[in-house]
Amino acid sequence: GSKGLGAGLRQGVATLSATSGSISTSAQITVTAAVLQSLTLSPQNPSLANGLALDFQANGQFSDGQTREVTAQVIWSSSAEDIALISNLPGSTGRALGRSPGETTITATLNGVSQSTRLTVTSAVLQRIDIGNTSPSLAAGLTRSLNATGAFSDGSSRDITDQTEWISDDETVAQIDRSGLLTARKTGSTLVRARLNGVEGTSSF
């Protein structure tokens, strides 16, 4: 919903207040007349293996000299959706998914201002997954953020941590979430697996 969302209606200073029971707080917010002048996208002209995803970011340059991230505010589009789709959904805004090898133009638009970059989807195949930031032991109750790097048939490699399916063979010993955060629960050993597109990397704890 829109709980806690402030929208600027005109230039000026407004006081926002929040109350819960007998507790209240307030803050001032300044609405400026700054106008969006241009957009920049990153990464520029990237390549992406077919079947994988890539997150784009949009930054807006405004007439007051400020630069602000506007990834979630722009409208994203792909000129060739059979080659790559790009999301406008909350939580995945700006994420492109490669569907078939080829080139497409990714465009971000906000308030009549647009910027584009080329995305090349390659036929490279994921061949190996390496799990990083590992150690053979972790004390019960502590956590460690693991990462996954994919090695591809074209010789390239890239971080695939947030696209990998993470599994702990024994969740009573250690659990791992979708982001690769490992939590040790008790003394023992387990095998952690990182899977994507039928390829698996493992690490023992």
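**Val113**

The model is a predicted one, in which local features need pLDDT of at least 70, side-chain atom pairs count only at pLDDT 80 or more, and totals for chains, interfaces and linings use all residues. Residues are numbered from 1 along each chain as its sequence is written, and side-chain values use heavy atoms, with hydrogens and water left out.

Val113 lies in strand 12. Strands (E, at least two residues) and helices (H or I, at least four) are DSSP runs, numbered from the N terminus. I listed what Val113 touches, taking contact as heavy atoms within 4.5 Å. Leaving aside neighbours within four places in sequence, Val113 is in contact with Leu36, Gln37, Ser38, Leu39 and Ala108. I also checked Gly60, which is 53 residues from Val113 along the chain. The C-alpha atoms of Val113 and Gly60 are separated by 9.5 Å.

**Gln61**

Next I went to Gln61, found in strand 6 (residues 57-62). Which side chain does Gln61 join in a polar contact? I found Ser38, at 2.9 Å. A polar contact is a pair of N or O atoms within 3.5 Å; within protein, one must be able to donate a hydrogen and the other to accept it, and residues adjacent in sequence count only if both atoms are side-chain atoms. With neighbours within four places in sequence left aside, the contacts of Gln61 are Val35, Leu36, Gln37, Ser38, Leu39, Thr40, Gln66 and Thr67.

**Partners of strand 12**

I then looked at how strand 12 (residues 113-122) is paired. Two strands pair if DSSP finds at least two bridges between them. Strand 4 (residues 47-49) runs parallel to strand 12, and three bridges join them. Ser47 stands opposite Thr120 in strand 12. Strand 11 (residues 102-110) pairs with strand 12 in the antiparallel sense, over nine bridges. On that side I noted Thr107 opposite Ser116.

**Backbone entries**

Strand 11 and strand 12 form a hairpin with two residues between the strands. I checked Asn111, which lies in the loop between these strands. Asn111 has a positive phi of about 50° although it is not a glycine. I also noted that Asn111 is exposed, with a relative accessible area of 66%.

Where is Asn197? I placed Asn197 in the loop between strand 20 (191-196) and strand 21 (199-204). The phi of Asn197 is positive as well, near 50°, and Asn197 is a residue other than glycine.

I looked up the peptide bond from Ser42 to Pro43 and found it cis, with omega near -5°. Pro43 lies in the loop between strand 3 (36-42) and strand 4.

**Salt bridges**

How many salt bridges are there? I counted a salt bridge as a side-chain nitrogen of Lys or Arg within 4 Å of a carboxyl oxygen of Asp or Glu. By this rule the count comes to eight.

Arg95 and Asp162 meet through their side chains at 2.6 Å, N to O. Arg95 lies in strand 10 (residues 95-98) and Asp162 in the loop between strand 16 (157-159) and strand 17 (165-168), so the pair ties together parts that are 67 residues apart in sequence. Arg95 is partly exposed at 25% relative accessible area, and Asp162 is partly exposed at 42%.

Glu103 forms a salt bridge with Arg118, with the closest N and O atoms 3.8 Å apart. This pair links distant parts of the chain, with Glu103 in strand 11 and Arg118 in strand 12, 15 residues apart. For accessibility I have Glu103 as partly exposed, at 47%, and Arg118 as partly exposed, at 38%.

Arg68 forms a salt bridge with Asp64, and the closest N and O atoms are 4.0 Å apart. Arg68 is partly exposed, with a relative accessible area of 35%, and Asp64 is partly exposed, with 36%.

Which residues are linked in a network of salt bridges? I found Asp169, Arg193, Arg195 and Glu200 linked in this way.

Key: Buried means under 20% relative accessible area, exposed over 50%, partly exposed in between (1.4 Å probe, protein chains only).
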